[in-house]
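Good morning, everyone, and thank you for making time for this. I would like to walk you through one model step by step, and please keep it in view while I speak.

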Amino acid sequence: MKDIAEIRADFPILSRSVYGKPLIYFDNGATTQKPQCVLDAVDEVYKSYNGNIHRGVHFLSDMSSEAYENAREKVRLFINTSKREEIIFTSGTTGSINGIAFSFGERYIKPGDEIILSHLEHHANIVPWQMMCERKGAVLKVIPINDRGEIILEEYYKLLSSRTRLVSVAQASNALGTVLPLKEIISAAHSANIPVLIDGAQGIQHGIVDVEAMDCDFYAFSGHKIYGPNGIGVLYGKEKWLYELPPFQGGGDMVDKVTFEKTTYNDLPFKFEAGTMNYPAAIGLACALDYVSGIGRENIELREKELLSYATLRLSGINGLKIYGTSERKISTISFHIDNIHQYDTGMILDKMGIAVRTGTHCAQPVMDRYGIEGTVRASLCFYNTKEEIDVLADGIEKVKSMFV
Amino acid sequence: MTINEIQNNIIEEFSFFDDWMDKYNLLIDLGKELPVIDPKFKVKDFLIEGCQSKVWLHPEYDGKLITFTADSDAIITRGIVALLIKVLSDRTPDEIIATDLYFIDKIGLRQNLSPTRSNGLLSMVRQIKLYAMAFNARNK
């Protein structure tokens with residue numbers, strides 16, 4: 001594995017300073033920084049071979065189309081599915097989940113049907129289902145969590161019923177970092193023939209994701225959270241579902257034949273890719289996946305585990321600091337609150353020290369409600385962060401305390 | 001003192017500090033001087049909800065001047081609202097409506113004004129001006 005100095009040198013932004021202090025970027029849960037090779041790949045599209053995909057007969061269009069389809073192939077290998085038809089490009093995790101919530105609702109949901117989510121979900125895995133439920137007269141059921149921020153499996157098993165049509169849960173909580181027991185969730189659902197969608201926004205970048213081994217029915221993730229460009233995401237779906245589901249958007253490229261009376265749709269995966277896709281970002285994403293594979297996903301997992309335990313140790317040593325989300329199984333995300341100091345105050349002062357953290361509810365208001373708090377400060381780390389940076393954060397928190405208490 | 005004299009004083013006070021930390025320390029101190037709102041006004045009707053921190057702002061109009069009291073659950077925000085009150089409290093509605101709050105930009109708080117920051121500064125300014133307009137309309 002590359003050493004940390006080499007890794008950091010791959011990410012140009014990491015060497016900048018803010019307010020005269022070296023940048024410490026601990027907001028990777030919101031978006032990750034991009035290595036130079038990703039920037040170059042996107043740049044190269046526009047400089048050398050930009051042409052709209054799947055349309056032109058000309059050289060540039062062919063070249064772009066080929067690079068785009070190669071990107072699909074890279075995604076396929078990365079999440080390990082055998083069929084390229086199962087890889088749909090979208091605008092991001094939110095786009096992927098909205099799409100499935102719409103199509104699944106149109107195809108299968110009747111009044112009184114139930115969708116199961118967990119209490120840990122990001123708003124992007126709540127609101128689309130709520131919208132669909134309102135439209136279809138269906139009901140949301142929520143798996144509760146314990147004080148450590150783990151879902152209570154026994155309660156989940158009780159929620160599964162003959163009215164359950166789909167289970168949609170996060171791979172890991174963006175607000176607390178908890179990794180969900182997907183194996184148990186998926187096998188229990190499958191034994192009742194219920195499909196499962198996994199929101200992989202906080203999972204894909206932290207370790208190996210093998211959708212065939214996982215056996216989920218749908219998997220959604222965002223490019224920008226795995227060191228790729230913004231505006232691109234992936235929806236994986238088992239072919240049998242994607243074949244049956246209606247498209248969630250209409251437009252160019254997704255059609256077979258269009259008349260004013262009737263339109264027939266294109267084959268998979270194009271049926272779900274209406275309009276001009278963000279092919280430069282897809283090509284950049286493929287490059288990011290190559291980069292991650294180059295570092296090694298096992299290496300990333302190990303390194304982040306080390307960072308998490310060091311950060312947990314340092315932060316829990318601070319008087320008056322409480323960590324929210326204390327499961328044994330976590331991604332490298334630490335949510336915390338300092339006694340009597342508003343998370344916004346903490347975040348503003350840390351910012352002035354060059355430390356980027358997120359404050360607030362992290363688009364997961366139900367999680368905050370569960371703990372009866374208004375929000376937390378969240379440090380979300382990844383493999384390019386260092387223990388020295390964690391030390392600066394811990395010192396910074398002490399400084400915050402001295403300023404406000 | 002006129003509104004602009006107060007604005008200039010604030011600008012001068014902040015100009016002593018180059019370091020951001022010192023500026024924030026000053027804001028924290030200002031927050032402590034904030035004329036605190038009567039707890040009975042710390043209710044939804046007087047809440048200006050930003051995404052990150054809560055601000056309560058209460059106007060009292062005696063027919064001539066508007067007096068503002070406020071509070072926030074975040075101390076830096078309390079400092080920011082204290083500055084606004086220093087400049088705009090105990091002024092006539094006309095004065096408040098006409099004021100160009102140039103001090104915000106000059107002391108480097110402009111980043112807090114962008115709508116996406118959602119810490120409520122923009123909403124606070126808007127709310128203060130709305131109260132002034134409402135009292136003005138009532139007068140006419």
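Which strands of chain A does helix 4 lie across? Before I answer, a word on what we are looking at: this is a predicted model, in which local features need pLDDT of at least 70 and side-chain atom pairs count only at pLDDT 80 or more, while totals for chains, interfaces and linings use all residues. Residues are numbered from 1 along each chain as its sequence is written, and chains are lettered from A and ligands numbered from 1 in the order in which they are written.

Now to the answer: helix 4 (residues 93–108) of chain A lies across strand 4, strand 7 (164–170), strand 8 (196–199), strand 9 and strand 10 of chain A, and runs at about 35 degrees to strand 10 of chain A. Helices (H or I, at least four residues) and strands (E, at least two) are DSSP runs, numbered from the N terminus. Two residues are in contact if their C-beta atoms, placed from the backbone, lie within 7 Å, and axes are lines fitted to C-alpha atoms, for helices over the stretch in contact, with angles from 0 to 180 degrees between N-to-C directions.

Let me turn to the sheet. Chain A has an open sheet of 7 strands in the order 4-10-9-8-7-5-6, with mixed pairing, where two strands pair if DSSP finds at least two bridges between them. Strand 4 (87–90) and strand 6 (139–143) of chain A are at the edges with a single partner strand each, so one side of each is left without a neighbour in the sheet. On average, neighbouring strands of this sheet are turned by 20 degrees against each other, direction ignored. Inside this order, strand 9 (residues 218–222) and strand 10 (residues 233–237) of chain A pair in the antiparallel sense over 5 bridges, and F221(A) has V234(A) of strand 10 as its bridge partner.

Next, the domains, whose bounds come from an automatic or database domain assignment. Chain A is divided into domain 1 (4–30 + 296–404) and domain 2 (39–293), and their centres, taken over C-alpha atoms, are separated by 28 Å. Each of the two domains of chain A brings 24 residues to the contact. On the domain 1 side, helix 11 (297–316), strand 14 (333–338) and helix 13 (365–371) of chain A each give two or more residues, and helix 11 of chain A gives the most, with 4 residues.
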